[in-house]
Amino acid sequence: MSERNKILNLHFKDFVKSYKGVLKVDPKVNLSDFNTISTDSRTIKKDDVFLALKGDSFDGNKFANEAIAKGCKFFITEDKNIDKGGILVDSTTKFLENLASFLITKNKNIKIFGITGTNGKTTTKELLSSILSKKFKILSTKGNFNNLIGLPLTIMNLTNNHEALVLEMGTNSEGEIRRLANIARPQFATITNIGKGHTEKLKNEKTVFHEKKDITCFFNSDSIFSFNFDNRFLKDYFLEIECKKISFGIKNKADVSANNISTNYSEFDLCYNKKNIKINLMAPGVHNIYNCLCSASLSIMAGLELEQIKNGIEEFAGIDNRFKIIKLKNGNVIINDTYNANPNSMQSAIEMTSKIFSTKEKIAILGDMLELGDLAEDEHIKIGKEISDNGFKELYAYGDNSENYSINLKETTRFIKIVEHSQIIDFIDLDSITNTVILVKGSRGMRMEKIFDSLKI
């Protein structure tokens, strides 16, 4: 049975009939009777539509029959050999993007928020969603559905009842943010920060900035952009772009700022328009204070009051695997920051661990930072120096760049390379140490969460 309240189900037939990329439709297909669109034959459910995407390393067309066997209503393919029982299109990728863009236009009153940046995208998205829910019925990106497949699939869940759409936009190569912005056409947008991430394809911070700023490429004079005034690229961009603007920052004077920050970064005063309101964070850290300021600035421009913003922030408990503080016995603490890593987020995690837990012994267990290209060796060496400079007594490293972490370590920091996650248990016995904080971090591909399995946490 169709989910009749979804814009997808209400307007899919109209889109198929008007979209020039449709080459053929099996007359037996009922374009108005299905649940939702799925791109994964492994998880597809009865009465879904299977969209067979094709990429460099996969071909969904091979699984169309499997999807039908699992009860899908019909499939969408670009393979002319399997057009019976489905819709044949020139490109399933373009079909997905254009369908999502078409559906966006069918909710005339919705406020659309776009969030990108090197770090903090997901946390800012969750904070903003928590705040906006105090006033609006919202739909937001789930998990890391922030790419050219995930973002359109998020839009598929849009209904006429939704009043705000919060979309995270990620990229690892040039042109992706422009395509995402073209689909969603956000009226509110922000770049949380610009740093060294995905430099294997984006090369350096300057090219990262030029890629990220494309989130505004379909802006007009009524669009709203939130600027991080503590980031040099974004502060300069303030003068370049023509739209409605609001700034946030801690170091530089901005419209939305944080004062009276506690030493453990769990409390601060949110300041806007000469008004202050005390904020208590369940997820401490200076990085999360920046995420709060960014979310607050967008919420202010959307018409929320400071009290609503406070309530939304204080209900946010953090995100799994992102600087999650886990208290253990004997005064020990372990920090799960295993979701991902780049030089900026790694440096921030090291500094926050040192500052928040200044009275504890410190241990780091680090995996490689991936997708850095020619910068990889130098950036790993720099992080090793950060470890020593912040007083860590031990560094355990896993991955091909492990040795680079050790090059600039001081003699006060013991270095051990591990070749498997499970090997960590040979060196760390949580029952025999006291008053120690352990930071665990690495890029997603390093699967550093396995360290917790090895330590039986």
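The structure is a predicted model, in which local features need pLDDT of at least 70 and side-chain atom pairs count only at pLDDT 80 or more, whereas totals for chains, interfaces and linings use all residues. Residues are numbered from 1 along each chain as its sequence is written, and side-chain values rest on heavy atoms, with hydrogens and water left out.

Secondary structure elements are DSSP runs numbered from the N terminus, with helices taken as H or I runs of at least four residues and strands as E runs of at least two; two strands are said to pair if DSSP finds at least two bridges between them. On this basis an open sheet of 6 strands, with mixed pairing, is found in the order β15-β16-β20-β17-β18-β19. Strands β15 and β19 (414–418) stand at the edges and have a single partner strand each, so one side of each is left without a neighbour in the sheet. From one strand to the next the twist averages 15°, where axes are lines fitted to C-alpha atoms (for helices over the stretch in contact) and angles run from 0 to 180 degrees between N-to-C directions.

Within this sheet, strand β15 (residues 324–327) and strand β16 (residues 333–337) are paired in the antiparallel sense over 4 bridges, and Ile325 has Ile335 of β16 as its bridge partner. Helix α12 (residues 343–356) lies across β16, β17 (361–367) and β20, and runs at about 170° to β20; contact, here and below, means heavy atoms within 4.5 Å.

The hairpin of β15 and β16 has 5 residues between the strands, and Asn330 is located in this loop. Although Asn330 is not a glycine, its phi is positive, at about 60°. Accessibility is classed by relative accessible area, with buried under 20%, exposed over 50% and partly exposed in between, for a 1.4 Å probe and protein chains only; Asn330, at 38%, is partly exposed. A positive phi near 60° is also computed for Lys456, another residue other than glycine. Lys456 belongs to the segment after α15 (450–454) and, with a relative accessibility of 73%, counts as exposed.

Thr77, in strand β4 (residues 74–77), is buried with a relative accessible area of 0%. The side chain of Thr77 makes a polar contact of 2.4 Å with the side chain of Asn61, and a polar atom of the Thr77 side chain lies 2.9 Å from the backbone nitrogen of Asp79.

Thr116, in strand β6 (residues 111–116), is likewise buried, at 0% relative accessibility. The side chain of Thr116 reaches the backbone oxygen of Met169 at 2.8 Å. When residues up to four places away in sequence are not counted, Thr116 touches Lys121, Met169, Ile177, Thr190, Ile191, Thr192, Lys212 and Ile215.

Ser226, found in strand β10 (residues 224–228), also counts as buried at 0% relative accessibility. The side chains of Ser226 and Ser297 are joined by a polar contact of 2.6 Å, and the residues touched by Ser226, with the same exclusion of residues up to four places away, include Thr190, Ile191, Phe248 and Leu298.

Pockets were located on a 1 Å grid over the protein atoms alone, a pocket being an open set of points where a 1.4 Å probe fits, with protein on both sides within 12 Å along at least five of seven lines, and lining residues having an atom within 4 Å of a point. Grid points are joined across faces, edges and corners, and a volume is the space filled by probe spheres set on the points. The second largest pocket holds about 600 Å³ of space; of the 24 residues that line this pocket, Ile37, Thr39, Phe145, Gly150 and Leu153 are the closest to its centre. At least two lining residues are supplied by each of β2 (37–38), β7 (138–140) and α5 (150–155), and the largest share, 3 residues, comes from α5.

Definitions and conventions:
Polar contact = N/O pair within 3.5 Å; in protein donor to acceptor, adjacent residues only side chain to side chain.
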